[in-house]
Amino acid sequence: MTPLDGFDLVTPTTLDEALALLASDPAARPLAGGTDVMVQLEAGQLPPRRYVSLWGLRELRGIVEAPDAVTLGALTTYTDIRRSDTIAREYPLLARAAEETGGVATQNRGTIGGNIANASPAADTPPALLVYDAAVELRSSAGTRRVAYAGFHSGYKQMDMQPGEIITRVHLPRRSGWRDYYRKVGPRRAQAISKVCVAGSIAMDGPAVRDVRIALGSVAPTVVRAAAAEGALRGKRIDGESIAAARRALVHEIAPIDDLRSTAEYRLRVAANRVEEFLRG
Ligand SMILES: Cc1cc2nc3c(=O)[nH]c(=O)nc-3n(C[C@H](O)[C@H](O)[C@H](O)COP(=O)(O)OP(=O)(O)OC[C@H]3O[C@@H](n4cnc5c(N)ncnc54)[C@H](O)[C@@H]3O)c2cc1C
């Protein structure tokens, strides 16, 4: 038996057809670029089942600008993100995440929808999506709904998505006046899974912090927003006292583990150091 025995691929040409196929077989799963699914199949981690390819669906492509939001189709690849002037200008954390993801082949096939739905706490776009207050649009044959990305992942590999539903779009509210920070810490500079990933964005009101957002990957069962650390900073000046308060808050709201790539202790220390680096600008 090879890993591809039981791999049944169907290739619809419209979104409606894809949704009907998924509705007719609760065990079926969507397939986008296949950069996670193919690796998991090869490793024998997935049961035999039908995959419904989304790759040919034009409805799921494109980056669209509107006055209140920029919307990415679920099939937007890392290469699409890297080539977008809008993303480079307004959502630099997403551009950085795309640059840091795999190599060129992975960037040409891997999609933002697949990165979200694969639900890895070490994935690179989710910290940026949390900082940008992204919303995820989901569609099934029963209809469309939109959910805040914050809270979409409720536990390790758990998410607010039902069989038959697919991610169709990711909405990013328009923004200006923020200073952004992104740092992926891995075992090497390229083609690495993160040990810790920190994304941050800060807006000042004179000398005081008007608003701040900090999100981290690889430090908990899901990517997390550091709400307590943010709370310790809002309305304050950035100085030794507020930075120390943010560091103290942070270590209580992340729960890193020891694993193959790193230790919990290293992750805690590096996460706090990177947050301090972000705040000191
Ligand atoms: C060599 C290599 C290096 C990599 N490096 C990185 C890295 O540095 N950082 C990183 O974050 N990831 C990395 N990855 C993982 C992977 O490339 C990304 O997670 C990618 O975004 C997955 O997208 P995909 O379209 O290939 O997903 P697929 O493999 O097609 O699907 C992944 C999962 O998402 C589901 N899915 C896909 N699209 C949808 C949708 N629209 N709606 C609902 N469910 C959907 C599938 O059913 C499946 O469960 C790497 C992978 C490889 C092979």
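## Ligand shell and sheets of a predicted model

Leu138 stands opposite Arg145 in strand 7, where strands (E, at least two residues) and helices (H or I, at least four residues) are DSSP runs numbered from the N terminus. This is a predicted model, in which local features need pLDDT of at least 70 and side-chain atom pairs count only at pLDDT 80 or more, while totals for chains, interfaces and linings use all residues. Residues are numbered from 1 along each chain as its sequence is written, and side-chain values use heavy atoms, with hydrogens and water left out.

Strand 6 (residues 135–140) and strand 7 pair in the antiparallel sense over six bridges; two strands count as paired if DSSP finds at least two bridges between them. Both belong to an open sheet of five strands, in the order 4-5-10-6-7 and with antiparallel pairing. Its edge strands are strand 4 (63–65) and strand 7 (143–148), each of which pairs on one side only. Direction ignored, neighbouring strands of this sheet are turned by 20° against each other on average, the axes being lines fitted to C-alpha atoms and angles running from 0 to 180 degrees between N-to-C directions.

A further open sheet is formed by four strands in the order 11-12-13-14, again with antiparallel pairing. Strand 11 (179–185) and strand 14 (224–225) stand at its edges with a single partner strand each, so one side of each is left without a neighbour in the sheet. Strand 12 (residues 196–205) and strand 13 (residues 208–217) run antiparallel and are joined by nine bridges, and Ser201 has Arg213 in strand 13 as its bridge partner.

Of the 30 residues around the ligand, Pro30, Thr35, Asp36, Tyr78 and Thr111 come nearest; a residue is near a molecule if one of its heavy atoms lies within 4 Å of it. Domain 1 (7–53) and domain 2 (58–173) both give residues to this shell, so the ligand lies between them; the domain bounds come from an automatic or database domain assignment. Helix 7 gives the most to the shell, with four residues. The shell divides into 14 nonpolar, eleven polar and five charged residues.

The table lists polar contacts, meaning pairs of N or O atoms within 3.5 Å.

| Residue | Atom in the residue | Distance to a ligand oxygen atom |
|---|---|---|
| Ala32 | polar backbone atom | 2.8 Å |
| Tyr78 | polar side-chain atom | 2.5 Å |
| Gly102 | backbone N or O atom | 3.1 Å |

Taken alone the ligand exposes 990 Å², and the protein buries 85% of that, with accessible areas from the Shrake-Rupley method and a 1.4 Å probe.

How values were computed. A polar contact is a pair of N or O atoms within 3.5 Å; within protein, one must be able to donate a hydrogen and the other to accept it, and residues adjacent in sequence count only if both atoms are side-chain atoms. Ala, Val, Leu, Ile, Met, Phe, Trp, Tyr, Cys and Pro count as nonpolar, Asp, Glu, Lys and Arg as charged, and the others, Gly among them, as polar.
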